[in-house]
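User: I would like to learn how to read the features of a protein model, one at a time. Please give the general idea in each case and then the example at hand.

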Amino acid sequence: MNDPGTAAPIEQAAKELDPEFSAGDKAEAKEEDRKVEQEERDYRDPNLYWFESTAVPLLAGTFGPIASAFNICSLSSSWRFYLPPGTAPAEGTVIDDPKWLLALNSVSVASALIANGALLLNMSRRLKFVIAQPITIIGFLLSTGLLMADLIAITASPTYQLPQSSPAAPAINHALTPAFYYAIMATAIYFFIALLMCWTVWGVYRGHFGRQFNLTAAQRTLMLQTMSFVTYLLLGALVFSHIEGWEYLEAVYWADVTLLTVGLGDFSPQTHLGRGLFIPFAIGGIVIIGLVIGSIRTLILQRGQKKISARMMEKKRVRAINSVDSNNHRIKVSYFQTIPFYETFSNASRQREQEFRVMRSVQSCAERDRKWMALCISTFLTFTLWLVGAVVFWVAERHVQGWTYFEAVYFSYTCLLTIGYGTPSPTSNSGRAFFVLWSLLAVPSLTILISDMSDTVVQFFSNVTIWIGTLTVLPGEGGFRATAKEQLKQVPISKLNPKKFASHHAPDFARGSHARDEETYNDGEHVTIHDRIADRLATHLKGDELHAAAKAQQSGDTLDRDLHFYHFVLACESKRLLEHLSASPPKQYEWSEWEYFLKLMAIEYDESMLTGQEVVPEGLRLPETKEEWEEKKRRYRWSWLGEKSPLMGHQTETEWILERLSACLEKELRNSRLLHGKRDKRTVPPISLRDLIKRGQAKDGGTEADTRGDSGDSGLEIKHAVESNMNREHRKDQ
């Protein structure tokens, strides 16, 4: 397939052909082209260094504050307590930690906070990458090493620095507090983040991307939101621990259960002051956790959706091109769908329209597969959290409460759905500490799963429900029979009779090429390309534009009239496109609309462009040298199935069209200024009132039905409108 070559804006093509285009402007244009090409390459290959430059800092910014919060929890109380034989855990005696352990824990907390601060400043572009990243990596590694040394010392010798005469000396009667388990989780997260950041630095060292994170403003605020949440949770737990008389880590567990709306009920405020403060605390916490979860959902779904969709579309495009069956005239756009495809057309327009429709099918299949693949991934992650988390809870609680694995699965399920019956609930130190980390992962995962289900399963059942309703209790205005007939009409012909569909769309090579030139590849519709474009252009013929056209017509300068009309149409269409920029989902244009916009951009191909004959399309100035002409042909030769197709770029269709129409208008206005007074050097625009009037004259002898289209005025009405306006202006002048 031919490469479209339309990635560079039309403005660049015009500037390179402009004799007044300076060397500095050329260098600037080349740099702009390089950036555009880099964006296109990143979009077509989304796995290319995206994880190192974007996903890694997002993970570090999200889990870094959480790890620091766990580290603070590990510093808040001793790691061991003495449990005499035959006593309950609540009756145990706390064993004070050695001073060196407190000192190392304090240094680890300070080191982690400095590392998080450097990472935040780097994300906000207040600190250079070469300064921030060594601080971040060294800080997290130092925290990892200090906490690991503490953990090894305590587990290797539980009686360390305990007098042998002390009743707490026998290690068999020792138990570990939740602070010890918070230290384990903080150590693991610190080490994980440090390894990821080393990966990012290695990517910068190898030149895979620049010395900055490829993060948007919304992505940078995620770390601030996470910091706000953990700070709110820890401070709230501190306040309620004093009010209710709880241990601080018990208050942290309660605050986590409360803010995530799980509500197990094993801890609840009992004092009037605690219940009074609970009302604003719960509301504020739910708002903050909602912001964090919403940001995570948006970043994962929107960013991941765009990247995955681009990757799948590129694979399907390549697979479709390589699966053309020339004998049966079919092309395979997915594993279960093939559509008619003919490699040879005598008419270039029909060939392009066929490729456009194939590309639309590829887009549709890629988007459908992406939705179901996203659902499978989110389902797998959610089930993993559910079942693996149940294993940890089972191990933690089986010696304390005698849980079976089924009870752990039941508990995990109720908490995952934030139902929180409260029976059973964890009572062990390790179980409660792990629940805080598990719940922070489970709730966002469930939110993403529900979003993916809304795009697939929920949407499917919604469509089926609506369809059943239209056939039963909610029929259309025409009743049940009319509604059933309308539903049958919507069934594609290809699914009912593929052979009939193929023969219906087959090109008639026995007919003359001139007759085929006037038809489009759209279910045998006998509406010419020029008629559709004329109908669209006719909507601009009103008011001041007719007045200006009449004035130019009277002066005898028809080229000036056509140029003015062309500029006016470019401005009007750009204004229309601005209304489509914020459309969600992004607007997709029909073939007739694309055909019209390409006409405005002067990207109109005839047979000579495909055969290589050196014939200039109307409206394009002939370059002086053969090299310039070859370059122009390269820029203007393209395919809808090419890797640089407008349907494959990182831009939406509206952005792609608007950028090039704006470039056309800028080029035209610049040329009008440069060629002021040089009428012999002006070029004919790709559209003109002259062509529309000729089209009307060609239909002047037809019936009224022949001269009026469904979508607006035809060429004959344009002719009458222009002539009427010119006569009116002529009478005014007299």
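User: Which residue in β5 does Ser 334 stand opposite?

Analyst: The model is predicted. To read a pair of strands, one begins with the bridges between them, since two strands pair if DSSP finds at least two bridges. Here Ser 334 stands opposite Gln 337 in β5. Further along β5, Thr 338 is the bridge partner of Lys 332. In total, four bridges join strand β4 (residues 330-334) to strand β5 (residues 337-340), and the two run antiparallel.

User: How many residues does the hairpin use to join β4 to β5?

Analyst: The hairpin passes from β4 to β5 through two residues.

User: How many of the five residues of strand β4 are buried?

Analyst: A residue counts as buried when its relative accessible area is under 20%. In β4, four of the five residues are buried, so the strand is largely enclosed by the rest of the structure. Helix α21 (residues 591-600) can be read in the same way: nine of its 10 residues are buried, so this helix too is largely enclosed by the rest of the structure. The buried residues of α21 include Trp 591, Trp 594, Tyr 596 and Phe 597, as well as Glu 593, Glu 595 and Lys 599. Just after α21, Ala 602 takes a positive phi of about 65 degrees.

User: What percentage of the 734 residues in the protein chain do buried residues make up?

Analyst: Buried residues account for 46% of the 734 residues. The chain contains 26 helices and seven strands. It exposes about 37,200 Å², of which carbon and sulfur atoms supply 59%.

User: How many salt bridges does a search of the whole structure find?

Analyst: The criterion is a side-chain nitrogen of Lys or Arg within 4 Å of a carboxyl oxygen of Asp or Glu. The search of the whole structure finds nine salt bridges. One of them joins the side chains of Glu 314 and Arg 317, with an N to O distance of 2.9 Å.

User: Why are Glu 314 and Arg 317 separated by about one helical turn?

Analyst: Both belong to helix α9 (residues 272-321), and because they are three residues apart in it, about one helical turn separates them. Glu 314 is buried, with a relative accessible area of 13%, and Arg 317 is buried at 6%.

User: With which residue does Lys 316 form a salt bridge?

Analyst: Its partner is Asp 369, and the closest N and O atoms of the pair are 2.7 Å apart. Lys 316 is buried, with a relative accessible area of 4%, whereas Asp 369 is partly exposed at 21%.

User: With which residue does Arg 360 form a salt bridge?

Analyst: Arg 360 pairs with Glu 653, the closest N and O atoms being 2.7 Å apart. Arg 360 lies in helix α10 and Glu 653 in helix α24 (residues 653-674), so the pair ties together parts that are 293 residues apart in sequence. Both Arg 360 and Glu 653 are buried. Salt bridges can also share partners, and in this way Lys 316, Arg 368 and Asp 369 are joined into one network.

User: Which residues have the most contacts inside the largest nonpolar core?

Analyst: They are Phe 70, Tyr 182, Phe 229, Phe 435 and Trp 438, in a core of 84 residues. Helix α6 (residues 178-205) gives the largest share of this core, 13 residues. Apart from it lies another core of 38 residues, among them Val 333, Cys 365, Trp 640 and Leu 661. Returning to Phe 435, the residues it touches beyond four places away in sequence include Tyr 253, Val 262, Phe 393 and Phe 411.

User: Is Ser 108 buried or exposed?

Analyst: Ser 108 is buried, with a relative accessible area of 0%. It lies in helix α4 (residues 99-123). A polar contact of 3.3 Å joins the side chains of Ser 108 and Asn 71. Beyond four places away in sequence, Ser 108 touches Asn 71, Ser 143, Leu 146 and Leu 147.

Methods: Residues numbered from 1 in each chain as written. Predicted model: local features only at pLDDT ≥ 70, side-chain atom pairs only at ≥ 80, totals over all residues. Heavy atoms only, no water. Buried < 20%, exposed > 50% of the residue type's maximum accessible area, 1.4 Å probe, protein only. Core = buried A, V, L, I, M, F, W, Y, C linked by side-chain atoms within 4.5 Å. Contact = heavy atoms within 4.5 Å. Polar contact = N/O pair within 3.5 Å; in protein donor to acceptor, adjacent residues only side chain to side chain. Areas by Shrake-Rupley, 256 points an atom, 1.4 Å probe, with all protein chains shown as cover.
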